[in-house]
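This briefing goes through a single structure by topic. Please look over the sequence and the model before reading the points below.

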Amino acid sequence: DDLENTSSGNWISSAISGSINNWYYPATSNPYGYDATNSTSGTNNFWGYDYENIADYAIKMTSDVSVPVNAYLQFNHSYMFESSLPSGTNAYDGGVLEYSTNGGTTWNDMGSQIIINGYNGTLSNLYGNPLGGRTAFTEDSYGYNSTRVDLTSLAGQNIRIRFRLGTDNGIWDYGWFIDDVRFYTCNAQIAIAISPSGFISTT
């Protein structure tokens, strides 16, 4: 999904606890007068504002994807979350990637399945962030990067994913920009070896 069709119905956002939901799709639909357009293709992206109060909100798929073998998830994202200086001392706000195998009834963290550009810190428990103590995308990505997730352990199951953002009781930052979400498969490669005697073997 390149996120260009904002009326596709593929995604929905909501508060997880409380009433605050600061996910916007299209990004220009926010009430702050801020043009949060920051895409890697086309002109649309998700934007999760890093709110200056305690909140927990997510944008999620509305239907399942059947996971075949050799499957991966990839998405592009950029983030700027509240943290202390010097960098790495405390990460106060941040986001996690979660999946559900039962239609969104329960959710599981996907961090251990990320193989490229995964979580980069642990969120502080000091000021009420509902995600406090969890490893997450934190601080500053310094521009867009691409995260890749290995779905091997979920092959044969139906899943949906969500991007979840947690904030503490003070100080805002620009938040989380996400674009170009895709599931794909890699074909198995065949290696051919020819022995000195001329026999061919494959693996």
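The largest pocket has a volume of about 150 Å³. The model is predicted.

**Largest pocket**
- The lining of the largest pocket is made up of 11 residues.
- Those that lie nearest the centre of the pocket are F81, S83, L85, D140 and D173.
- By type, the lining residues divide into 4 nonpolar, 3 polar and 4 charged.

**Aromatic pairs**
- There are 25 aromatic pairs in the structure.
- One of the pairs is formed by W47 and Y49, with 5.5 Å centre to centre and 40° between the planes, and it is tilted.
- W47 counts as buried because its relative accessibility is 2%, under the 20% cut-off for buried residues.
- Y49 also counts as buried, because its relative accessibility is 9%.
- F75 and F163 form an edge-to-face pair, because their ring planes stand at 75°, and over 60 degrees counts as edge-to-face; the ring centres are 5.0 Å apart.
- F75 belongs to strand β6 (residues 71–80) and F163 to strand β13 (residues 158–167), so this pair ties together parts that are 88 residues apart in sequence.
- F75 has a relative accessible area of 0% and is therefore buried.
- F163 is buried as well, because its relative accessibility is 0%.

**Aromatic cluster**
- Ring pairs link a set of residues into a cluster: W11, W23, Y25, F46, F75, Y79, F81, Y119, F137, F163 and W176.
- Both F75 and F163 of the edge-to-face pair are members of this cluster.
- F81, one of the residues nearest the centre of the largest pocket, is likewise part of the cluster.

**Charges over rings**
- R148 has its charged end over the ring of Y72, at 4.0 Å from the ring centre.
- R182 has its charged end over the ring of Y184, at 4.1 Å from the ring centre.

- N38 is located in the loop between β2 (23–24) and β3 (46–50).
- Leaving aside residues up to four places away in sequence, N38 touches N45, S78, Y144 and F177.
- The C-alpha atoms of N38 and R162 are separated by 19 Å, and the two residues are 124 residues apart along the chain.

Notes
Residues numbered from 1 in each chain as written. Predicted model: local features only at pLDDT ≥ 70, side-chain atom pairs only at ≥ 80, totals over all residues. Heavy atoms only, no water. Helix = DSSP H or I, 4+ residues; strand = E, 2+ residues; numbered from the N terminus. Contact = heavy atoms within 4.5 Å. 1 Å grid on protein atoms, 1.4 Å probe; cavity = no way out; pocket = protein on both sides within 12 Å on 5 of 7 lines; lining within 4 Å. Points joined across faces, edges and corners; volume = space filled by probe spheres on them. Nonpolar A, V, L, I, M, F, W, Y, C, P; charged D, E, K, R; others polar. Phe/Tyr/Trp six-rings, centres within 6.5 Å; stacked < 30°, edge-to-face > 60°. Buried < 20%, exposed > 50% of the residue type's maximum accessible area, 1.4 Å probe, protein only. Lys NZ or Arg CZ within 6 Å of the ring centre and 35° of its normal.
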